[in-house]
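Open the model in your viewer and keep the selection tool ready.

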Amino acid sequence: TLDGIHVTANNIREICLYIIGIAAHQSRDFQLSKTLHLELLSILKQNLEKRRLLSAIYSKVPNWISSSLTALAFNEFFVLGNLQQTKILLEEALGYNHQNIPAIQNLSLCIFEIGDVENKKKMIGRLKKINRVHPIQDVSWLYSDAFLFFLEGNYTSGLSSYKKAFYGSCTPFSLSTVLSNIRSYISAHPE
């Protein structure tokens with residue numbers, strides 16, 4: 001058995017796709033991971049018996065695909081600066097896991113860079129809803145929330161969000177991303 005999954009000759013291919021896909025993801029080969037997990041998902045969607053036998057895997061594969069797509073989007077956004085491809089990848093990631101916090105956060109940053117403030121507000125609203133049910137450990141999204149309040153001239157709410165963000169925790173990467181986007185906006189809009 002493998003983590004509660006009975007391994008047989010009939011499902012070894014699917015188990016290999018799953019494990020090698022995870023190994024590729026952990027090795028930062030997100031394209032290979034996505035490809036292997038998409039193939040696995042396709043097989044399991046087409047074969048009800050395999051899907052039943054491998055239900056533990058079937059339930060986890062969309063999250064792995066979403067995570068790989070999010071990582072690929074990071075590269076498009078931060079390395080290549082391709083906003084449209086970033087948006088496409090993050091929307092696809094959310095199609096596999098609609099509560100993928102990094103995908104929602106980065107899609108909100110991306111669509112703001114594109115100039116779509118209204119959809120950024122919707123993305124932040126999604127994060128607020130998720131946070132009410134399951135508190136989000138990385139509070140970097142609150143900096144975006146505060147920034148939007150300040151952008152609208154609602155300084156009281158903005159300051160409140162900045163204070164919440166300041167007393168919460170976030171990864172250095174998340175914080176540098178948010179600060180970079182704020183600096184970029186101020187540089188482009190000095191008024």
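**Charged pairs**

Select Lys121 first: at 27% relative accessibility it counts as partly exposed, a class that lies between buried (under 20% relative accessible area) and exposed (over 50%), with a 1.4 Å probe and protein chains only. This is a predicted model, in which local features need pLDDT of at least 70 and side-chain atom pairs count only at pLDDT 80 or more, while totals for chains, interfaces and linings use all residues. Residues are numbered from 1 along each chain as its sequence is written, and side-chain values use heavy atoms, with hydrogens and water left out.

Lys121 and Glu118 form a salt bridge with their closest N and O atoms 3.2 Å apart; the term means a side-chain nitrogen of Lys or Arg within 4 Å of a carboxyl oxygen of Asp or Glu. Both residues belong to helix H7 (residues 117-133), three residues apart, or about one turn of the helix. Helices here are DSSP runs (H or I, at least four residues), numbered from the N terminus, and strands are E runs of at least two. Side chains of opposite charge can pair when their charged atoms come close.

Next, select Glu14. Which residues does the network around Glu14 join? Salt bridges with shared partners connect Arg13, Glu14 and Lys50. Between Glu14 and Arg13 the closest N and O atoms are 2.9 Å apart. Glu14 counts as buried because its relative accessibility is 0%, whereas Arg13, at 46%, is partly exposed. The other bridge, from Glu14 to Lys50, spans 3.3 Å from N to O. It links distant parts of the chain: Glu14 sits in helix H1 (residues 12-26) and Lys50 in helix H3 (residues 48-53), 36 residues apart. Both Glu14 and Lys50 are buried. In the whole structure, the search finds seven salt bridges.

**The nonpolar core**

Now select Tyr18, Leu40, Ile57, Val61 and Leu127, which touch the most other members of the largest nonpolar core, a set of 43 residues. Such a core consists of buried Ala, Val, Leu, Ile, Met, Phe, Trp, Tyr and Cys residues joined through side-chain atoms within 4.5 Å. Elements supplying at least two residues each include H1, helix H2 (30-46) and helix H4 (55-80). H4 gives the most, eight residues.

Zoom in on Val61. Leaving out residues up to four places away in sequence, Val61 touches Tyr18, His37, Leu40 and Leu41, where contact means heavy atoms within 4.5 Å.

Select Leu109, Phe112, Tyr143, Phe147 and Val178, which are among the residues lining the largest cavity. Its space is about 90 Å³. Helix H6 (101-114), helix H8 (140-152) and helix H10 (172-188) each give two or more residues to this lining. On a 1 Å grid over the protein atoms alone, a cavity is a set of points where a 1.4 Å probe fits but cannot get out, and a pocket is an open set with protein on both sides within 12 Å along at least five of seven lines; lining residues have an atom within 4 Å of a point. Grid points are joined across faces, edges and corners, and a volume is the space filled by probe spheres set on the points.

Last, select Gln105, Asn106, Asp138, Ser140 and Ser174. Of the 16 residues that line the largest pocket, these lie nearest its centre. The largest pocket has a volume of about 220 Å³, and H6 contributes the largest share of its lining, five residues.
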